[in-house]
Amino acid sequence: MAEMTYLQAISDALRGEMRRDKRVFVIGEDVGVYGGAFKVTLGFQEEFGAWRVIDAPLSETAIVGGCTGAAMMGMRPVAEMQFADFISCAWDQLVTVAAKQRYRAGTPVPITVRLPSGGGFSGGPFHSQNPESSFAHIPGLKCVCPATPEDAKGLLISAIEDPNPVLYFEHKHLYRRIKTEVPDERYTIPLGKARTHLEGNEITVVTWGAMVYTAEEAARELGDGSVEIIDLRTVLPWDKKAVLESVRKTSKALVLHEDTRTGGFGAEIAATIAEEAFEDLDAPVKRIAAPDAPVPFSPKLEKAFIPQVEDVLAGLRELTEY
Amino acid sequence: MATNTALDVVMPQMGVSVSEGTITKWLKSEGEPVAADEPLLEISTDKVDTEVPSPGDGVLQQILVAEGETVDVGTKLAVIAPEGAAPAAGLPSAEQPPPEKTPEPATARAAAESNAAAGGEAVTPTAETTEATPARTPTAETTEATPAPADAPTDGAADGKTFVSPVVARIASEHSVDVGQVSGTGRGGRVTKKDIMAYLEAGPQAPAKAPEAVPERAAGATAPPPPPAPAPTGAPPRPPSPEPAAAAGEQLEPMTAMRRGIAEHMRRSLDTSAHVTSAIEVDMSRVVGIREKLKKEYQSAYGVNPTYLAFIARTAVETLREYPWVNGEIRGETIVTRNFVNLGFAVELADGKGLIVPVLKNAETLNLLGMAKGVAQLAQRARDKKLLPDDVQGGTFTITNPGGYGTFHGTPVISQPQAGILGTYAVVKRPWVVQDELGADVIAIRSMMNLTLTYDHRLVDGALAGRFLRDLRKRLETWDESSY
């Protein structure tokens with residue numbers, strides 16, 4: 001058991017899988033010589049060689065398309081988008097080809113696409129987005145959003161093992177900020193299984209990614225132990241059962257995400273709670289999300305944009321007093 | 001009539017003894033436009049099934065009581081909003097903007113006017129409508145358990161007290177708790193889940209304690225006797241809440257309000273009156289002949305069929321004049337008699353699953369034609385579910401006619417608080433001993449019918465009943481065309 005940052009845990013998992021399974025290779029912009037924009041693959045090319053750690057041209061279409069073909073031929077590609085925002089260039093390969101191949105032809109497409117996502121460091125509109133809900137709407141894909149180093153490792157290994165295209169959203173703001181003990185041995189965490197980050201009896205907060213920590217801080221400031229935080233870990237498939245079980249216990253739900261509000265994945269969760277746990281509700285289901293706008297550059301505006309601890313605290317207080 | 005303000009639709013009072021009604025069908029859905037007096041929903045009470053008209057022009061903004069639910073008279077069922085009004089307010093929220101203009105003092109009046117236009121009791125302005133006026137009374141809100149209409153003041157605090165969240169409603173119904181008894185600590189005094197859970201834990205609640213209380217009472221010799229059963233009222237008892245389980249091959253269906261009403265009334269009648277039935281055989285040959293003759297005339301001139309029932313009703317009314325006790329009632333320690341006859345007719349509903357007894361008022365004023373028409377119209381309205389509350393009340397004597405199926409005898413149950421019910425049975429051709437013109441006995445083929453009078457022996461003695469039947473038979477057998 002060693003202490004690792006979130007970033008180190010990702011790197012550790014990826015390295016381990018490459019050592020273990022020769023079918024696993026890495027491809028992306030600057031992942032080889034440079035070691036990746038965030039240094040996740042630092043030292044990988046030295047260890048595994050240029051054929052397994054491939055510096056790709058600036059074409060996300062080519063990266064995801066190439067991975068799809070390689071996967072169909074039996075490889076286990078792990079692609080890196082330099083920023084999650086750039087995945088829109090690969091939409092067609094991912095959504096039209098990779099997500100549907102298994103349904104059309106029965107061919108598994110075991111690719112993993114790593115997506116450094118999220119804001120909080122003045123990255124502006126092209127380097128700060130959280131596009132998971134767009135892909136959570138695509139049957140055939142899986143969307144993973146780890147919050148802890150331990151989960152980052154176990155979920156990445158599961159993503160590589162999974163026979164479907166998996167989008168692995170790694171939150172940039174957590175990379176070096178979060179550091180915890182991570183088991184040394186290889187382990188997997190099932191996709192679609194939520195985790196209770198904090199136990200409580202009166203309000204359920206459903207969230208994932210960096211917002212798990214925002215929620216935790218708000219809950220601690222509220223200070224009465226009433227808040228239960230469900231970290232979804234994966235939004236597609238998502239752990240409906242865990243969420244409904246918690247809501248049936250607490251009768252109040254707050255859904256929190258960093259992505260914008262309208263059509264965000266929180267809407268799906270809120271609707272499911274309303275639909276399946278209506279008779280257990282003691283208050284309206286509350287959503288806290290970013291406003292429907294691009295992520296602003298200005299640090300002050302970005303702070304106003306991304307849900308902050310005080311926003312969540314206000315939401316929790318509202319539900320407490322309801 | 002256009003409406004400027006939201007109007008409430010409430011469960012109408014369908015007769016003095018009716019305390020609740022069941023929504024059988026919504027004829028409009030939320031968001032659909034409705035015109036004043038247009039049928040909005042169908043309700044079923046233990047007395048009548050009927051339609052409730054819209055109190056005004058507008059849009060059915062919100063349905064508050066779902067189909068199949070039984071609610072007390074006066075319960076708000078829906079909100080009719082002016083055309084183009086904002087969608088349903090839903091939960092009171094601090095985010096809602098305050099009303100643009102002060103609600104006009106005319107609100108209650110407008111609702112009252114639309115109520116009048118809709119035909120009486122169907123719709124009444126509720127306390128909430130009144131609340132919207134500047135001169136609001138603090139007591140008006142206590143009866144409300146529903147979200148406020150869109151144009152009511154929505155400062156949140158005022159409405160929180162009476163809003164019941166889904167989980168609180170569920171817990172309350174599971175434990176038979178009146179939410180009004182629980183003190184609320186939520187916004188505006190709302191009862192939260194915590195509050196009701198604390199209330200349940202604190203106890204004691206009557207339903208939970210009841211099973212324990214019984215043996216205690218039985219054990220203690222000095223314990224006071226259980227309180228007497230409440231006097232029967234017009235309201236049918238609610239069915240026991242735990243649903244019985246179906247055994248293999250059995251099917252369960254919920255009792256309708258009407259069926260519960262019938263069940264309660266039948267049992268109560270047998271528990272109240274001393275039922276005795278006397279029967280008499282009537283030679284209907286003369287009536288059969290006259291009926292054949294009148295049939296064509298009545299059909300072509302009046303579009304009505306001179307039924308045997310009309311003949312019998314007509315003679316029964318005549319005979320009742322001479323036997324006021326048969327048309328009477330025991331009310332407490334006194335005997336009530338009348339100078340009028342309100343004649344009830346048992347009518348089977350088209351689906352075969354219910355019976356209703358519409359009342360022909362002042363039947364003593366009707367000749368044969370009037371009787372035939374009145375009976376036909378009432379029966380039709382009953383089958384069309386168009387009966388008004390008044391149509392089923394105030395009967396003084398009842399006729400039931402199971403003979404249509406060929407039965408020749410029966411012992412019907414008296415419709416309370418009346419003293420008698422006349423049963424009419426199949427008209428059949430039978431060999432009958434009559435006297436010929438020379439006074440000699442001969443066997444003839446006659447159209448015979450049995451009549452029964454079931455009477456309350458507390459008031460009507462056997463001899464009186466016998467004389468009543470004898471006179472009734474005489475009138476039928478010697479039907480005088482000119483005097484009926």
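Tutor: In this predicted model, helix H10 of chain B covers residues 368-383.

The next point is how H10(B) is covered. Its buried residues are Leu368(B), Met371(B), Ala372(B), Lys373(B), Gly374(B), Val375(B), Leu378(B) and Ala382(B). These buried residues pack against two helices of chain B, H8 (285-302) and H9 (308-322). They also pack against four strands of that chain: E12 (343-345), E13 (347-348), E14 (355-356) and E15 (359-360). Just after H10(B) comes Lys385(B), which takes a positive phi of about 60°.

One of these neighbours, H9(B), can be described in detail. Two packed helices are described by the angle between their axes and the distance between the axes. For H9(B) and H10(B), the angle is about 120° and the axes are 9 Å apart. The angle therefore makes H9(B) oblique to H10(B). The crossing of H9(B) past H10(B) is right-handed. On the side of H9(B), the contact is made by Leu309(B), Ala310(B), Phe311(B), Ala313(B) and Arg314(B). On the side of H10(B), Leu368(B), Met371(B), Ala372(B) and Val375(B) take part. Sorted by class, the contact of H9(B) with H10(B) has eight nonpolar residues, no polar residues and one charged residue. Leu368(B), Met371(B), Ala372(B) and Val375(B) are also listed among the buried residues of H10(B).

Chain B has 484 residues, of which 37% count as buried. Among its contacts between residues at least 6 apart in sequence, 66% join residues at least 24 apart.

Chain B also has backbone features away from this helix. Most residues other than glycine have a negative phi, and most peptide bonds are trans. Ser176(B), in the loop between helix H4 (166-174) and helix H5 (193-202) of chain B, has a positive phi near 50°. This serine is exposed because 12 other C-beta atoms lie within 10 Å, and 12 or fewer is the cut-off for that class. The peptide bond from Gln416(B) to Pro417(B) is cis, with omega near 5°. Pro417(B) is found in the loop between strand E16 (397-400) and strand E17 (420-435) of chain B.

Chain B has a partner in the model: ten of its residues are in contact with ten residues of chain A. The side of chain A that touches chain B divides into five nonpolar residues, one polar residue and four charged residues.

Helix H3 (residues 60-72) and helix H4 (residues 91-105) of chain A pack at an angle of about 15°, and their axes are 9 Å apart. H3(A) and H4(A) are therefore roughly parallel to each other. Their crossing is left-handed. From H3(A), Thr61(A), Val64(A), Gly65(A), Thr68(A) and Met72(A) meet Asp92(A), Gln93(A), Leu94(A), Val97(A), Ala98(A) and Gln101(A) of H4(A). The residues of this contact comprise five nonpolar, five polar and one charged.

A further helix of chain A, H6(A), covers residues 149-161. Its 13 residues should span 18 Å at 1.5 Å a residue, and its end C-alpha atoms are 19 Å apart, which agrees. H6(A) is mostly covered, with twelve of its 13 residues buried. Among them are Lys153(A), Gly154(A), Leu155(A), Leu156(A) and Ile157(A).

The loops of chain A complete the picture. Ser122(A), which is not a glycine, has a positive phi of about 55°. This residue is in the loop between strand E5 (112-117) and helix H5 (132-136) of chain A. With 16 other C-beta atoms within 10 Å, Ser122(A) is partly exposed. Leu236(A) and Pro237(A) are joined by a cis peptide bond, with omega about -5°. Pro237(A) has its place in the loop between strand E12 (234-236) and helix H8 (240-250) of chain A.

How values were computed: Residues are numbered from 1 along each chain as its sequence is written. Chains are lettered from A and ligands numbered from 1 in the order in which they are written. This is a predicted model: local features need pLDDT of at least 70, side-chain atom pairs count only at pLDDT 80 or more; totals for chains, interfaces and linings use all residues. Axes are lines fitted to C-alpha atoms, for helices over the stretch in contact, and angles run from 0 to 180 degrees between N-to-C directions. Angles under 35 degrees count as roughly parallel, over 145 as roughly antiparallel, 65 to 115 as roughly perpendicular and the rest as oblique. A crossing is left-handed if the near helix is turned anticlockwise from the far one by less than a right angle, and right-handed if clockwise. Two residues are in contact if their C-beta atoms, placed from the backbone, lie within 7 Å. Ala, Val, Leu, Ile, Met, Phe, Trp, Tyr, Cys and Pro count as nonpolar, Asp, Glu, Lys and Arg as charged, and the others, Gly among them, as polar. The expected span of a helix is 1.5 Å times one less than its number of residues. A residue is buried if 20 or more other C-beta atoms lie within 10 Å of its own, exposed if 12 or fewer, and partly exposed in between; C-beta atoms are placed from the backbone.
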